[in-house]
Amino acid sequence: MTRDNLSNVGAEMIRLVDIHKEFDGVTVLDRINLSIAKNEFVTLLGPSGCGKTTMLRIIGGFESATTGDVLFDGERINDIPAYQRKVNTVFQRYALFPHLNVFENIAFGLRIAKKDVKEIRDKVQSALELVEMLGFEKRTIQSLSGGQQQRVAIARAVVNEPKVLLLDEPLAALDLKLRKEMQLELKNMQKQLGITFVFVTHDQEEALTMSDTVVVMKEGIIQQIGSPINVYNEPTNIFVADFIGESIILEGRYLEHCMVEFAGQKFPCVDIDFAPMEQVDVVIRPEDVDIADDPAEGVLQAKVSSVVFKGVHYEMLAETDDGLEWMIHSTTMAPIGQVIGMSIKPDNIHLMKKETKGPEVTAS
Amino acid sequence: MKRNWLLYPYVVWMILFTVVPILLVFYYSVTVQGGGFSLTMAHYARVFEPLYMSVIWRSIQLALVSTIACFILGYPVAMILANSPDKQQFSLIVLFVVPMWMNFLARTYAWLSIMENNGIINAFLGLIGVGPLSLLYNAGAVVLGMVYNYVPFMVFPIYTVLRKLDPSLIEAAEDLGANPVRSFLKVTFPLSLPGVLSGVTMVFMPSVTTFAISQLLGGGQFTLIGNLIEQQYLRTYDWGFGSALSIILMIIILISMGLMSRSNVYEEGGLI
Amino acid sequence: MRAILKKCYLWLIFIFLYAPILVLILFSFNVSRSRGNWGGLSLRWYGELFQDRAIMTALGNTVLIALVAAAVSAAVGTVAAVGIYRLKGWKKSFVMNITYLPILNPDIVIGISMMILFIAMSFPRGMASLIVSHITFGLPYGVISVLPKLAQLDPQIFDAALDLGATPREAYFKVILPQILPGVFTGFLLAFTMSVDDFVVSFFVTGNGVANLAISIYSMSRRGINPKINAVLTLLFIAVAAMMYLIQRRLRKSSREAV
């Protein structure tokens with residue numbers, strides 16, 4: 001698997017080696033191999049129950065792997081308890097201490113580490129500054145809004161200057177607008193702090209917005225590791241294609257060098273790793289379908305069956321003669337009932353190997 | 001399992017001081033006293049003699065009567081409490097709890113001063129030329145003692161359930177055309193049933209097993225199961241028969257709890 | 001109209017509940033020995049009370065037993081609750097069943113069965129057997145007052161403390177305990193109240209002439225009326241009420257601050 005975004009990413013920070021985890025005989029993580037670099041923003045992405053939170057908890061030390069190793073800065077830390085690891089966590093629903101005020105929540109780790117009073121005060125101050133919560137020191141946790149609690153939870157973790165910050169769906173409880181704001185703020189914080197973030201989410205848009213690297217997971221198995229652009233444009237299998245963004249997935253056949261057949265037509269493409277006459281899955285993003293009012297201008301013809309205005313674009317469904325339904329995102333609108341022409345540029349056609357039956361292993 | 005040693009002192013203590021004693025009672029109830037390990041059902045057979053059956057029956061009757069009385073007295077109290085303004089509610093609850101800080105026996109004993117032949121009620125009656133009436137040492141006095149001691153056990157569970165009741169349910173019922181009486185019968189009361197059931201259990205159980213109330217207010221002439229058991233252990237020293245009676249008493253409790261088992265009072269994975 | 005009716009009803013109930021207690025308090029200040037006649041106010045019985053070694057000892061026993069039983073019940077109950085909270089399946093139902101046993105078991109059965117046990121074990125009957133029995137019926141209240149507080153805890157809060165560098169031990173004392181403390185207090189108060197309130201169990205398990213107040217009242221009530229009993233009960237009642245008032249006020253204050 002290639003990593004095409006190495007801009008500010010340093011040497012290896014965490015490595016998971018052949019992690020396997022079972023709960024009561026049920027496998028929740030299988031053959032997990034992952035390397036996380038210093039200063040990298042890695043997102044573990046997948047539907048609920050895919051094992052992403054368990055993976056985070058194994059890194060944090062709250063769970064131990066059934067087999068496999070966790071390496072931190074080159075050292076095996078399997079047997080190091082959570083409270084001795086140089087990682088800190090921002091918990092889902094924050095897990096702030098309700099009996100302590102904002103200042104004492106943030107100071108908790110420093111007090112445990114027996115720092116002196118002045119240092120504690122200074123560090124809490126700068127942590128509050130980082131999350132823009134100066135002046136809230138004496139407030140109780142219960143008097144804070146969800147967004148404010150979120151900020152305190154981040155401050156409480158980063159004040160300990162961890163080398164790695166683990167974030168377990170930290171934005172899930174916020175409303176949409178606040179969530180978008182926090183996404184950008186978190187990304188900025190990560191740059192400012194210069195530490196590794198491991199972020200867990202089931203929201204693909206969130207993952208694409210914030211990450212250097214996205215790790216897509218399903219049923220305890222890594223499906224794909226790559227940059228946001230990479231996983232979006234080059235999904236390795238149907239699951240990734242479907243989970244990340246909207247996509248049209250068609251059955252096709254690789255004809256010859258850079259030529260593929262699907263929907264009854266031949267299309268030039270850019271993929272070359274296939275054998276002639278090999279069956280393939282074809283992935284096309286709805287925004288990559290070019291439409292024309294004149295049916296003759298397209299390679300395929302289809303009749304528009306529904307149109308929904310989505311703000312920036314229109315979402316249309318159009319049906320071809322052979323009964324295939326295409327989802328199209330376009331800034332121009334074609335009315336219902338109109339027959340339009342559709343065409344796809346070669347580099348917008350993504351081919352994938354046909355998946356073999358049984359448990360799929362597509363991660364490298 | 002890690003950290004289970006936390007439990008050992010507790011579990012060992014509870015088994016030694018609650019389970020083992022009950023097993024001992026059972027042992028005494030099926031063996032001949034002083035006869036080593038020779039088994040016998042004679043103690044249980046004696047329980048079914050008419051004399052003792054009438055005592056058991058009387059205990060159940062009195063406990064039922066006082067349970068019903070507690071319900072009739074207590075339900076309106078619980079409703080009034082639950083519907084009073086939040087600020088008052090706490091003080092009213094405290095007013096209800098305070099009498100329970102007086103020792104159980106002392107509370108019962110105090111009724112003696114009120115009801116005895118030269119007690120307060122008869123002193124008042126004397127002023128208007130009536131009496132003295134013999135108020136003590138009858139079934140009424142015993143029931144009064146039970147109701148007095150156990151009515152809070154009826155009020156609190158009902159109050160707790162009523163308080164949690166969503167007021168919009170009653171509004172919805174009234175919105176759908178139910179008058180206050182009907183909305184009470186069709187909505188409030190059925191929803192408060194878990195509280196009523198646990199209240200009934202909590203009043204019936206101590207009532208049917210009491211021996212101090214009947215001893216003090218019944219004057220010792222009014223024998224209930226509890227008194228019978230006490231006599232066997234402390235006066236006639238017939239532990240076998242006393243133990244058989246205790247086992248029967250526990251069976252009565254189990255049956256009544258089984259009947260009430262639909263209430264979710266003991267949620268934490270407990271009995272039943 | 002309905003509001004007035006409601007008020008009247010509540011008042012009647014309160015009169016019913018308080019009448020015997022007020023009578024008892026009132027007659028502790030009565031000069032006359034009779035319960036029917038009012039001879040005028042006096043502190044005579046209080047004076048005599050302090051001279052009465054037997055009653056004063058019984059009072060001391062009641063308080064001592066209640067304090068010890070409540071403290072042990074709250075402490076051991078809290079530790080046990082933390083253990084129970086981690087249990088699952090049949091182990092949990094088993095432990096919960098033996099927890100509810102003394103609550104559901106009739107007092108008289110607890111009393112006689114423990115008496116048999118103490119006799120069978122040749123356990124010294126008196127102060128020791130009283131304390132052991134009061135701990136036994138107090139412990140479940142220690143456990144069941146803390147369990148709901150544990151259930152209310154954010155399940156991640158323990159992990160959060162570990163994450164910030166606290167050892168499991170520190171996490172229990174600095175994070176878990178402060179949050180379940182109201183439950184621990186409730187357990188203490190319940191066990192204390194149960195102990196002060198108990199007559200039946202004490203009556204059976206005691207021996208060697210050791211008596212608490214309830215036992216003294218019981219034996220005296222058979223020998224006729226003793227106004228000193230009214231006096232000592234009045235004192236005990238005032239003491240318990242004052243203690244409860246102070247603690248509840250503190251609890252309410254701290255819970256209000258938390259909101």
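Mentor: Let's start with burial: a residue is buried if 20 or more other C-beta atoms lie within 10 Å of its own, exposed if 12 or fewer, and partly exposed in between, with C-beta atoms placed from the backbone. Strands (E, at least two residues) and helices (H or I, at least four) are DSSP runs, numbered from the N terminus. Residues are numbered from 1 along each chain as its sequence is written, while chains are lettered from A and ligands numbered from 1 in the order in which they are written. This is a predicted model, where local features need pLDDT of at least 70, side-chain atom pairs count only at pLDDT 80 or more, and totals for chains, interfaces and linings use all residues.

Trainee: Okay, so how many residues of strand S7 of chain A are buried?

Mentor: S7(A) covers residues 164-168, and five of its five residues are buried. Val164(A), Leu166(A) and Asp168(A) point one way from the strand, with Leu165(A) and Leu167(A) pointing the other way.

Trainee: Which strands does S7(A) pair with, and in which sense?

Mentor: Two strands pair if DSSP finds at least two bridges between them. S6(A) runs parallel to S7(A), with four bridges, and strand S8 (residues 196-201) of chain A is also parallel to S7(A), joined by five bridges. Look at Leu166(A): Thr89(A) is its bridge partner, and Val198(A) in S8(A) stands opposite Leu166(A) too.

Trainee: What is the strand order in the open sheet of five strands in chain A?

Mentor: Read it as S15-S19-S16-S17-S18, with antiparallel pairing. Strand S15 (289-292) and strand S18 (325-330) of chain A have a single partner strand each, so one side of each lacks a neighbour in the sheet. From one strand to the next, the twist averages 45°; for such angles, axes are lines fitted to C-alpha atoms (for helices over the stretch in contact), and angles run from 0 to 180 degrees between N-to-C directions. Inside that sheet, S16 (residues 300-309) and S19 (residues 339-344) of chain A share four antiparallel bridges, and Lys303(A) faces Val339(A) in S19(A).

Trainee: How many helices and strands does chain B have?

Mentor: Chain B has 12 helices and zero strands. Its C-alpha atoms fill a box of roughly 75 × 70 × 35 Å along the principal axes, and 43% of its 272 residues count as buried. For contacts, the rule is that two residues touch if their C-beta atoms, placed from the backbone, lie within 7 Å. Among chain B contacts between residues at least 6 apart in sequence, 69% join residues at least 24 apart.

Trainee: And how many residues of chain A are in contact with chain C?

Mentor: 19 residues of chain A meet 17 residues of chain C. H2(A) gives the most to chain A's side, with three residues. That side has 10 nonpolar, eight polar and one charged residues, where Ala, Val, Leu, Ile, Met, Phe, Trp, Tyr, Cys and Pro count as nonpolar, Asp, Glu, Lys and Arg as charged, and the others, Gly among them, as polar.

Trainee: Which domains does the assignment give for chain C?

Mentor: Domain bounds come from an automatic or database assignment; here chain C gets domain 1 (1-42) and domain 2 (53-258). Their centres, taken over C-alpha atoms, are 30 Å apart. Eight residues of domain 1 of chain C contact seven of domain 2 of chain C.

Trainee: What average pLDDT does chain C have?

Mentor: pLDDT is the predictor's confidence in each residue, from 0 to 100. Chain C averages 87, and 94% of its residues score at least 70. The model scores ipTM 0.86 and pTM 0.79.
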